[in-house]
Amino acid sequence: MCLTESIQYSGAYASMGIDNSSRLDRFSNNFRVEVVRLNEDDMEFDMIVIDAAIANSFRRILIADLPTMAIEKVLIANKTSIIQDEVLAHRLGLVPIRVDPRLFDYLSENDQPNEKSTIVFKLHVQCKRGSPRITAGIMKMILLPM
């Protein structure tokens with residue numbers, strides 16, 4: 001069978017009597033995209049009758065082509081929590097920064113950071129005994145540009 005005619009999985013569920021194969025003709029006849037919202041800056045759409053793995057592939061392709069900004073360098077001055085510095089820095093790098101990257105210059109390896117290519121944040125958080133836990137919503141308010 002030609003690869004372009006069908007998409008087949010490894011048959012991991014075949015022993016349970018479940019057919020998890022997918023045929024290209026069935027996919028092309030049933031798959032559709034419905035645009036929910038469209039404006040100048042973003043688009044929201046639903047992919048209907050699609051396997052989650054294929055939808056995730058589309059998501060990864062789209063994300064890879066979008067310019068984004070993230071926290072890259074973290075300087076930790078005084079931290080007393082049990083979480084390691086590297087883990088905290090990595091988690092801060094996963095925080096999405098809602099900023100238009102088109103407003104900034106691209107910073108190559110040889111360039112020095114400046115106000116046209118860099119955003120600087122300062123995070124100062126203190127947890128006191130008996131106080132409520134710090135949640136993601138509170139972190140959004142604390143993590144402000146300097």
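How exposed is R32, in terms of relative accessibility? R32 has a relative accessibility of 41% and therefore counts as partly exposed, where buried stands for under 20% relative accessible area, exposed for over 50%, and partly exposed for the range in between (1.4 Å probe, protein chains only). The model is predicted, so local features need pLDDT of at least 70 and side-chain atom pairs count only at pLDDT 80 or more, while totals for chains, interfaces and linings use all residues. Residues are numbered from 1 along each chain as its sequence is written, and side-chain values use heavy atoms, with hydrogens and water left out.

Side chains of opposite charge can pair when their charged atoms come close. A salt bridge was taken as a side-chain nitrogen of Lys or Arg within 4 Å of a carboxyl oxygen of Asp or Glu. Over the whole structure, the search gives 4 salt bridges. One of them links R32 to E34, with an N to O distance of 3.4 Å. E34 is, at 36% relative accessibility, partly exposed.

In another salt bridge, R37 pairs with E44 at 3.1 Å, N to O. R37 has a relative accessible area of 39% and is partly exposed; E44, at 34%, is also partly exposed. A further salt bridge joins the side chains of D100 and R102, with 2.9 Å from N to O. Here R102 is exposed, at a relative accessible area of 62%, whereas D100 is partly exposed, at 27%. Through salt bridges with shared partners, R37, D42 and E44 form one network.

A pocket is an open set of points on a 1 Å grid over the protein atoms alone, where a 1.4 Å probe fits and protein lies on both sides within 12 Å along at least five of seven lines; lining residues have an atom within 4 Å of a point. The second largest pocket holds about 950 Å³ of space, the volume being that filled by probe spheres set on the points, which are joined across faces, edges and corners. Its lining consists of 19 residues, and D41, D42, L66, P67 and T68 lie nearest the centre. Two or more lining residues come from each of β4 (43-48) and α2 (52-64), with helices (H or I, at least four residues) and strands (E, at least two) being DSSP runs numbered from the N terminus. The largest share of the lining, 3 residues, is from α2.

By class, the lining of this pocket comprises 11 nonpolar, 1 polar and 7 charged residues. In this scheme Ala, Val, Leu, Ile, Met, Phe, Trp, Tyr, Cys and Pro are nonpolar, Asp, Glu, Lys and Arg are charged, and the others, Gly among them, are polar.
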